[in-house]
Amino acid sequence: FTRFKPEFASKKYGADHFDLDKTDEIVAWLKPLFAEYMTGAEPTFIGPYMHVGTDEYNRAEAEKFRKFTDEMFKMVEGFGYKVCAWGALTHASGKTPVRAHRDITIDIWHNPYYQPKDAIDAGYTVVSIPDGLVYLVPFAGYYYDYLNCRYLYEHWEPRNIGNYTVPDDKLDQLAGGKFALWNDALGRKVKVAGKPPYTEADNWDRIYPALQTLGQKFWSGARADQPWDKFAPLANSKPEPKGVKFSRTFRLRK
């Protein structure tokens, strides 16, 4: 956005940040642009949800950030969509109101940014995506290169978000869990014996076992009749989805 509209870039925090002193102008400009994606006979986003991001802004600008977040929520809802956003409102604590109800879904990724209890108490639906467990960043040297699938299968439930466990009487506000793959190192020349630089196939090599593990886990929970030692061989025996052209070299670790 700021490459196209450099006047909206923050001089204080850099061109990858909006200048939130111009929130009203920015949202007025974004609204018809979002309308192209979300309305008309062939909208780009055909499901009920639209994710607006909105996190990791300097906390010194918390009140401005909260106003911008609320404006984005209002705009997306105005197009008839349900809002999704990253959790940031503990980091950006303040007095400026931000709309909160069950049709807004917050991704809880790092509790100091938004404490899950606070998000639930505010009335949001939450999704569990703790960065210390389910973040993949291939070849970067931080977070996970491959998820620890066995640990997740045997020990993690989405209700466990960092050091907080969603209580039984609030589970209807937990939509579920997910994992994320971030392409921070994309384009770098990665030194891996016998392999070219980072490719799309490398992403798939990490995504597929994570999908198998967490898909099974989220669907069935903890099943005494299918411990890891039974699940892993079963998962490894399954072919990749039809139409996928990558050959997977990684297998679920036993």
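Reply:

Ile 108 belongs to strand E5. The model is predicted, and every value below is computed from it.

Is Ile 108 buried or exposed? Its relative accessible area is 1%. Buried means under 20%, so Ile 108 counts as buried.

What does Ile 108 touch, leaving out residues up to four places away in sequence? The list is Tyr 114, Pro 116, Ala 119, Val 126, Val 127, Ser 128, Ile 129, Pro 130 and Ile 161. Take Ala 119 from that list. Ala 119 lies eleven residues from Ile 108 in sequence. Their C-alpha atoms are 8.6 Å apart in space.

Now the strand itself. E5 (105–108) is one of the elements packed against by the buried residues of helix H2. The others are strand E2 (14–18), helix H1 (23–38), strand E3 (49–51) and strand E4 (82–86).

H2 runs over residues 62–78, which is 17 residues. From first C-alpha to last, H2 reaches 24 Å. That is close to the 24 Å expected at 1.5 Å a residue.

Which residues of H2 are buried? They are Ala 62, Phe 65, Arg 66, Phe 68, Thr 69, Asp 70, Glu 71, Met 72, Phe 73, Met 75 and Val 76. Gly 80 follows H2, with a positive phi near 90°.

Go back to the loop between E3 and H2: Thr 54 is located there. Thr 54 is not a glycine, yet its phi is positive, about 55°. Its relative accessibility is 12%, so Thr 54 counts as buried.

Tyr 143 is another non-glycine residue with a positive phi, about 55°. Its loop joins strand E7 (135–136) and helix H5 (149–155). At 41% relative accessible area, Tyr 143 is partly exposed.

Leu 171 is a further loop residue, between strand E9 (164–165) and strand E10 (174–177). Leu 171 is partly exposed, at 33% relative accessible area. Setting aside neighbours within four places in sequence, Leu 171 contacts Arg 159 and Val 166. Leu 171 and Ile 120 are 51 residues apart in sequence. In space, their C-alpha atoms are 9.7 Å apart.

Last, a helix pair. Two packed helices are described by the angle between their axes and the distance between the axes. Helix H6 (residues 200–220) packs against helix H7 (residues 228–237) at about 130°, with the axes 11 Å apart. That angle makes H6 oblique to H7. The crossing of the pair is right-handed.

Which residues make the contact between H6 and H7? H6 supplies Gln 212, Thr 213 and Gln 216. H7 supplies Trp 228, Phe 231 and Ala 235. By class, the contact holds three nonpolar residues, three polar residues and no charged ones.

H6 also passes the length check. Its 21 residues should span 30 Å at 1.5 Å a residue. The end C-alpha atoms are 30 Å apart, which agrees. Just after H6 comes Gly 221, with a positive phi of about 70°.

Conventions. Residues numbered from 1 in each chain as written. Predicted model: local features only at pLDDT ≥ 70, side-chain atom pairs only at ≥ 80, totals over all residues. Heavy atoms only, no water. Axes fitted to C-alpha atoms, helices over the stretch in contact; angles between N-to-C directions. Helix = DSSP H or I, 4+ residues; strand = E, 2+ residues; numbered from the N terminus. Parallel < 35°, antiparallel > 145°, perpendicular 65-115°, else oblique. Left-handed = near helix turned anticlockwise from the far one by under 90°. Contact = heavy atoms within 4.5 Å. Nonpolar A, V, L, I, M, F, W, Y, C, P; charged D, E, K, R; others polar. Expected span 1.5 Å × (residues − 1). Buried < 20%, exposed > 50% of the residue type's maximum accessible area, 1.4 Å probe, protein only.
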